[in-house]
Amino acid sequence: MVKRLLIFIVALFATLSVAMADAVGTWKLYQSYSTINSVEPTGNKVFVVADGNLYSYNVKTTEIREYNITTEPALNGRKITHMIWVKAVNKLFVVYSNYVIDFLSTRDKISSISGLKNASSLKDKTVKSVAVSGQYVFLTTAMGILKIDAKDEYIIKTYGLEDEVPGMSSASGSTITKDGPYGVVSYDATNKCWWGADAEGKLTKYVEQDGDLVPASTGVRPEGPLSSNCWRIYKHDDKMFVTAGAFAAGMSAEQTKRPGFVQYYDGSTWTKLEDPGTMTGYNYIAANCMAFDPKDKNHFYVGAGSGLYEYRNYKPVAAYNSTNSALSAVYNVDVTRSNVTSMVYDNSNNLWAMNGWCDNFLVRFNSSDESVNFPHSDYSFNRQTTIDIQGTFISPSNGYMFMVNSQYRHPVLYYYNIKEDRLNGITTFINEDGSNIDPAYLYGLAEDQDGNLWIASHSGPFYWSKSDMAKGNSVFIQHKVNRNDGSGLADYLLTGVATRCIRIDAGNRKWVGTSSSGVYLISSDNNTQIEHLTMANSKLPSDVIYDIYADEKTGKVWIATDAGLCSYQSDVTETYGDLNTDNVYAYPNPVEPNFTGNIAIVGLQDGCTITITSTSGFVVHKGICSGGSYSWNGCDRDGKRVASGVYNVMVATNEGESGCVTKIAVIR
């Protein structure tokens, strides 16, 4: 009977072609493997660390396997600094930048020791070198030399740098290496070959011919971004675009001079956007921002530290800087750089490019690429108070163009009447209690579903209410959250937390990215901290957040950090106005026996009533939808996991519509 039921379920959902997505709470890391750091052949498997990330290649099956904090088995650290194969015990020894040590067996079992991480020392614990002798591994650090037993997995003792360490005299690297065509190659004694990088940074097998190393295989690596550098995230044409520049106030010199780079992801493959090279006459640097033509999906622009680049059909067709457009040079002097920091299209299909580090930052390009700047002397600063315009967008509720100057010497919130060429700026920020807000840096903007303008600042988030905006009252709300401790006191929302970006999801919740504290998720009424995601309690690759994109359609939240890109599957998607079964689906579906997370139902109306029933009509669960999604834990009303079977999702809207919108198959 059970077997027939399982066959029925699989057949049913193969026929229905149910849309699949990640389970609520699922993390994905989009790791780059573009530059190989080290290679360890171990027989049938070759382990590779590339850009600090680990993968393996099975020589016999050609399987490529990624290892990170989200995989099974999961690693216990994020950025690998050293790797060595301990042949005597058949384990891979891995050291991370946070000093955690992992042991990975050939059967993909992972164990960890934290003695180095937890060691109390005023000296630097950074591992300088790793060597192996038999079952023992030796780590050299500024605090001393650690001798580790890889068989029993513990630190035997820490020796001084001048001490004689038993067994260390015979220690060495586990693998023979030498210089190859594209970096160091490692010898594979089992397969009598060498392994190393090819011209594209992929893992390649080499053999010796007449004293030379000759490729004997096609290069392989896991699918991933071509660079870990990420700054701004956009969704366009069902693809995720990521810029790699960081030409903004507070960024390092290295970040602001990165070679220009944009990549996009179609759900399966990462592709580098074609490089425009020296189309402006100067090197392409710091690709900061993008803008997509509302009337032509194949037409878009990239704003960079070296100018503005126009694309058609994903090919660069033109470039603009101070020599051929209304854009100005940095400090009105350096013609190699015409810095474009953010962009937006207006309702007349004109492109507005914010021109940083110059006197006149408002530049408009029409559909014929004719450009003009709009000087406003009241808000043009000299090179001591440079202009760095971020967060530019046009409000759908009042038509103003909003933007901020994120330069700390002169933080300004601008609002611009496009039709009248009237620019206003707010430089003093007073909250609802009459107290001064010292924002230091103003990083980004977002308008919530109530028309309030949220501002991400170094001193925490605050907003300009729709009503105060309409009345011309320059009062900013630092939302008060009741302590609920009986004191009757309240605290300003995330006061003192340095925030970099704010994004509003389909449920009007606020995703707040910070400079060093990870990501906060705040409820739609601003009174509840739903989540605080950090490296310590989640799969975030870093607590330094540059950008967030909350996809209203899928509920997936994309996060750009200083250590790379990741995504998190949230439980809220866009709200639909009508009860339409074509919009509704559940995931995961079918629900496999080992799945213990929440099941998401998306494509719903906000506030509708959800009833989940068995095929016989027995009610197992009821609830109210928030936003366009509903999350079910797979349990009945008594808190017990439901049995195998097909369950109907019944919906009743506030307008009186009702019916079955989808089905969920559960396999136990």
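Two rings of Phe, Tyr or Trp (for Trp, the six-membered ring) form an aromatic pair if their centres lie within 6.5 Å; planes under 30 degrees apart count as stacked, over 60 as edge-to-face and the rest as tilted. A search of the whole structure finds 42 aromatic pairs. What you see above is a predicted model, in which local features need pLDDT of at least 70 and side-chain atom pairs count only at pLDDT 80 or more, while totals for chains, interfaces and linings use all residues. Residues are numbered from 1 along each chain as its sequence is written, and side-chain values use heavy atoms, with hydrogens and water left out.

**Aromatic rings**

- The rings of tryptophan 352 and tyrosine 416 have centres 5.6 Å apart and planes at 70°, so this pair is edge-to-face.
- Tryptophan 352 belongs to strand 28 (residues 351-355) and tyrosine 416 to strand 33 (residues 412-417), so the pair ties together parts that are 64 residues apart in sequence. Strands here are DSSP runs (E, at least two residues), numbered from the N terminus.
- Both tryptophan 352 and tyrosine 416 are buried. Buried means under 20% relative accessible area, exposed means over 50%, and partly exposed is in between (1.4 Å probe, protein chains only).
- One aromatic cluster is formed by Phe393, Tyr400, Phe402, Tyr415, Phe429, Phe462, Trp464 and Phe476.

**Charges over rings**

- A charge sits over a ring if NZ of Lys or CZ of Arg is within 6 Å of the ring centre and within 35 degrees of the ring normal.
- Lysine 91 places its charged end over the ring of phenylalanine 103, 5.7 Å from the centre.
- Over the face of tyrosine 136 lies lysine 147, at 4.6 Å from the ring centre.

**Salt bridges**

- The structure holds 21 salt bridges, each defined as a side-chain nitrogen of Lys or Arg within 4 Å of a carboxyl oxygen of Asp or Glu.
- One of them joins lysine 45 and aspartate 108, with the closest N and O atoms 3.1 Å apart. Lysine 45 is in strand 3 (residues 45-50) and aspartate 108 in the loop between strand 8 (101-105) and strand 9 (110-113), so the pair ties together parts that are 63 residues apart in sequence.
- Lysine 45 is buried at 14% relative accessible area, and aspartate 108 is buried at 10%.
- A network of salt bridges links Lys45, Arg65 and Asp108.
- Glutamate 200 and lysine 202 form another salt bridge, with their closest N and O atoms 3.3 Å apart. Glutamate 200 is exposed at 52%, whereas lysine 202 is partly exposed at 24%.
- Lysine 239 meets aspartate 237 in a salt bridge of 3.0 Å, N to O. Here lysine 239 counts as buried at 17%, and aspartate 237 as partly exposed at 25%.

**Strands and sheets**

- Two strands pair if DSSP finds at least two bridges between them.
- Strand 45 (residues 519-522) and strand 46 (residues 529-533) run antiparallel, joined by 4 bridges. Tyrosine 520 stands opposite histidine 532 in strand 46.
- In the hairpin of strand 45 and strand 46, with 6 residues between the strands, asparagine 526 takes a positive phi near 70°.
- Strand 55 (residues 645-652) pairs with strand 56 in the antiparallel sense over 8 bridges. Valine 646 has alanine 665, in strand 56, as its bridge partner.
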